[in-house]
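Good morning, and thank you for coming.

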Amino acid sequence: MKSIIIASTSTLHGGSYLDYILPALQLHFKNCTTILFIPYARPGGISHEEYTQKAAEAFASINIKLQGIHEFESPEKAIQNAEGIFTGGGNTFLLVTQLYKNNIMQLLAEKVKNGTPYLGTSAGSNICGLSMQTTNDMPIIYPPSFQTLGLIPFNLNPHYLDPDVNSQHMGETRETRIKEFHSFNAIPVLGLREGSWLEVKGNKITLKGSLKARLFKQNQNPEELEPESDLSNLK
């Protein structure tokens with residue numbers, strides 16, 4: 001049975017890394033003594049070692065050891081043997097490229113679908129959808145494919161931002177960009193605001209956190225979803 005937390009962000013304004021979601025993570029990874037961290041997205045270009053250390057410090061506060069996938073000789077064996085898995089945020093193009101380069105995209109999908117607890121934040125959440133095409137990230141590298149893990153039957157837009165009515169910025173809003181995606185694609189897109197996450201238990205998908213999420217479907221008006229909404233039938 002799938003057991004997944006798909007979080008919009010790792011850090012809320014004024015908070016520390018993962019602190020807002022640690023109670024949920026403690027329960028989520030309750031049967032894990034060690035989890036495997038995938039630091040491939042490298043936010044700000046930091047090293048795998050620096051990123052892993054940052055994540056390890058957060059998990060140490062709930063008495064869980066974290067080990068980076070780059071520390072293993074074989075990424076494939078690291079995935080196969082993992083008790084739990086966390087893929088951090090950063091650049092989704094880079095993350096997806098590295099997963100394909102190391103031949104673990106499909107393996108990771110199968111591992112999580114078979115019940116290994118998984119946490120994704122930001123880019124690590126983007127890859128839970130059918131494709132990475134609704135990421136906010138800059139295309140700094142060209143991945144072999146936009147297809148991702150397919151753990152949920154729709155796409156995500158983490159860090160979703162509502163238009164600022166007082167802003168003089170004339171560029172595209174997130175809503176505009178998602179509508180552009182729907183000019184060519186029929187996949188639903190969930191705009192996940194910072195502080196919200198999806199909890200996936202088997203085939204049930206539930207919106208968690210205190211904020212609403214914004215759902216976009218092709219040729220339909222966007223819809224606001226309340227916390228605890230059931231998205232299991234969204235496709």
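I begin with a term. A cavity is a set of grid points where a 1.4 Å probe fits but cannot get out, and its volume is the space filled by probe spheres set on those points. Please also keep in mind that this is a predicted model.

With that term in hand, how many cavities of 30 Å³ or more does the count give? The count comes to one. About 30 Å³ of space lies in the largest cavity. Its lining is made up of Leu215, Phe216, Lys217, Gln220, Asn221, Pro222 and Glu223. Sorted by class, that lining has three nonpolar, two polar and two charged residues.

Strand S10 is part of an open sheet of four strands, whose order is S6-S7-S10-S11 and whose pairing is mixed. Why is one side of S6 and of S11 left without a neighbour in the sheet? Strand S6, residues 155-158, and strand S11, residues 223-225, stand at the edges, and each has a single partner strand, so one side of each has no neighbour there. On average, neighbouring strands of this sheet are turned by 25° against each other, with direction ignored.

We can follow the pairing across this sheet. S6 and S7, the latter at residues 189-192, run parallel and are joined by four bridges. In this pair, proline 158 stands opposite leucine 192 of S7. The next pair, S7 and S10, is antiparallel, with three bridges; here valine 189 stands opposite phenylalanine 216 in S10. S10 and S11 are also paired in the antiparallel sense, over three bridges, and alanine 213 has leucine 225 of S11 as its bridge partner. These two strands form a hairpin with six residues between them, and asparagine 219 in the turn has a positive phi of about 65°.

I turn next to a helix and a pocket.

Which helix or strand gives the most to the lining of the largest pocket? The answer is H7, with five residues. The pocket has a volume of about 330 Å³. It is lined by 15 residues, and the closest to its centre are Gln133, Thr134, Thr135, Arg177 and Phe181. By class, the lining divides into five nonpolar, six polar and four charged residues.

The model has another open sheet, this one of seven strands, in the order S3-S2-S4-S5-S1-S8-S9, again with mixed pairing. Strand S3, residues 65-68, and strand S9, residues 204-208, stand at its edges with a single partner strand each, so one side of each is left without a neighbour in the sheet. From one strand to the next, the twist averages 20°.

S2, at residues 34-38, pairs with S3 in the parallel sense over four bridges, and isoleucine 35 stands opposite leucine 66 in S3. S4 and S5 are parallel too, over three bridges, with isoleucine 85 opposite tyrosine 118 in S5. S1 and S5 pair in the parallel sense over four bridges, and threonine 121 in S5 is the bridge partner of alanine 7.

Are the residues on the two faces of S5 buried or exposed? Tyr118 and Gly120 on one side and Leu119 and Thr121 on the other are all buried.

Finally, consider helix H5, residues 105-113, in which Met105, Leu107, Leu108, Ala109, Lys111 and Val112 are buried. The elements that cover these buried residues include strands S1, S2, S4 and S5, together with helices H3 and H4. After H5 comes glycine 115, whose phi is positive, near 115°.

That concludes the tour, and I thank you for your attention.

Note on methods. Residues are numbered from 1 along each chain as its sequence is written. This is a predicted model: local features need pLDDT of at least 70, side-chain atom pairs count only at pLDDT 80 or more; totals for chains, interfaces and linings use all residues. Side-chain values use heavy atoms; hydrogens and water are left out. Two strands pair if DSSP finds at least two bridges between them. Axes are lines fitted to C-alpha atoms, for helices over the stretch in contact, and angles run from 0 to 180 degrees between N-to-C directions. Buried means under 20% relative accessible area, exposed over 50%, partly exposed in between (1.4 Å probe, protein chains only). Contact means heavy atoms within 4.5 Å. On a 1 Å grid over the protein atoms alone, a cavity is a set of points where a 1.4 Å probe fits but cannot get out, and a pocket is an open set with protein on both sides within 12 Å along at least five of seven lines; lining residues have an atom within 4 Å of a point. Ala, Val, Leu, Ile, Met, Phe, Trp, Tyr, Cys and Pro count as nonpolar, Asp, Glu, Lys and Arg as charged, and the others, Gly among them, as polar.
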